Amino acid sequence: MSVKTERRYLWKTLLLGLMVWVGGMMAPQPAQAEYADVVINNYSDAAGMRPAVFPHWFHRIRFRCKVCHADLGFQFKAGGNKITMAKIIDGQFCGACHNGEVAWSVENCAMCHSGVPGTPTHFHGSTVQRLIAPVYQPLNDNKKVQ
Ligand code: HEC
Ligand code: HEC
Ligand code: HEC
């Protein structure tokens, strides 16, 4: 190989490697809630409350994943935690922070219960994710994503 073709070969290899790498990063991953909001409606509708909306990105830029998904025990699944107001007031789940100390307290019902009535539990992807991920997948066994 001449120096020139050798270089070209090197570039091609590098480019291919880069494409595979970028492709891998862009492939749909199971965990895509990073930028999204989560509508939580296991009990709200039935209780005559608007569904709770959890702005995931808003929180995620303030706290590490570990704070919620390890320390506070939030399952990585929209609707996968049986969150009730009793638990929240007891300091679990949202209540670990929405206690008037770390964040505003539980009296602000409408701040959390801001969803459109009847919206099923699901994770709502961002525009960016819609460009990357081809389809929504059912996230909840008993409730289909719209
Ligand atoms: C920090 C967020 C937050 C605030 C503030 C909040 N809630 Fe909730 N609430 C939730 C979440 C999350 C759920 C679980 C939603 C679901 O699965 O339907 C829930 C569930 C409920 C439920 C159904 C389950 C149960 O415990 O009976 C009722 C009723 C309810 N909330 C009423 C209220 C009222 C009334 C207020 C204000 C006094 C309030 N909530 C304030 C987050 C909040
Ligand atoms: C402030 C708390 C908090 C932080 C920080 C946080 N999450 Fe979450 N996450 C939640 C809550 C709440 C849900 C919804 C759980 C529910 O509906 O019961 C959720 C849901 C998820 C889901 C499931 C979405 C689905 O498709 O069902 C994934 C995946 C996830 N989070 C990943 C992450 C990653 C990765 C990070 C860090 C980059 C992170 N979370 C940081 C609270 C948090
Ligand atoms: C690890 C701490 C933490 C947990 C857990 C947490 N929050 Fe928050 N949340 C915050 C902080 C801090 C703010 C910002 C408060 C402020 O701006 O004064 C906030 C703000 C919010 C806001 C307002 C967002 C905005 O645009 O202003 C909503 C809605 C909210 N939380 C809902 C929830 C719900 C629902 C849950 C449970 C599913 C939850 N949060 C769990 C810390 C937490």
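How many nonpolar, polar and charged residues does the shell around ligand 1 have? Here are some friendly notes to read beside the model.

1. First, some ground rules. This is a predicted model, in which local features need pLDDT of at least 70 and side-chain atom pairs count only at pLDDT 80 or more, while totals for chains, interfaces and linings use all residues. Residues are numbered from 1 along each chain as its sequence is written, chains are lettered from A and ligands numbered from 1 in the order in which they are written, and side-chain values use heavy atoms, with hydrogens and water left out.

2. Now to the opening question. The shell around ligand 1 has 12 nonpolar, seven polar and no charged residues. Here Ala, Val, Leu, Ile, Met, Phe, Trp, Tyr, Cys and Pro count as nonpolar, Asp, Glu, Lys and Arg as charged, and the others, Gly among them, as polar.

3. Who are these neighbours? Ligand 1 is surrounded by 19 residues, and the closest are Ser44, Met85, Cys109, Cys112 and His113. A residue is near a molecule if one of its heavy atoms lies within 4 Å of it.

4. Next, the polar contacts of ligand 1 (pairs of N or O atoms within 3.5 Å). Oxygen atoms of ligand 1 are found 2.9 Å from a polar backbone atom of asparagine 42 and 2.7 Å from one of serine 44. On the side-chain side, histidine 113 places a polar atom 2.8 Å from a nitrogen atom of the ligand. Helix 4 (85–89) and helix 5 (109–112) are the elements that give two or more residues to this shell; helices are DSSP runs (H or I, at least four residues) and strands are too (E, at least two), numbered from the N terminus.

5. Ligand 3 has 17 residues around it, with His59, Cys94, Cys97, His98 and Met111 coming nearest. By class, its shell has 15 nonpolar, two polar and no charged residues. Strand 2 (52–55) gives the most, with three residues.

6. What coordinates the iron atom of ligand 3? His59 (NE2) and His98 (NE2) do, at 2.0 Å; donors are N, O and S atoms within 2.8 Å of the metal (3.2 Å for Na, K and Ca). Histidine 59 lies in helix 2 and histidine 98 in the loop between helix 4 and helix 5, so the pair ties together parts that are 39 residues apart in sequence. Both histidines are buried (under 20% relative accessible area, with a 1.4 Å probe and protein chains only).

Terms used:
Polar contact = N/O pair within 3.5 Å; in protein donor to acceptor, adjacent residues only side chain to side chain. Buried < 20%, exposed > 50% of the residue type's maximum accessible area, 1.4 Å probe, protein only.
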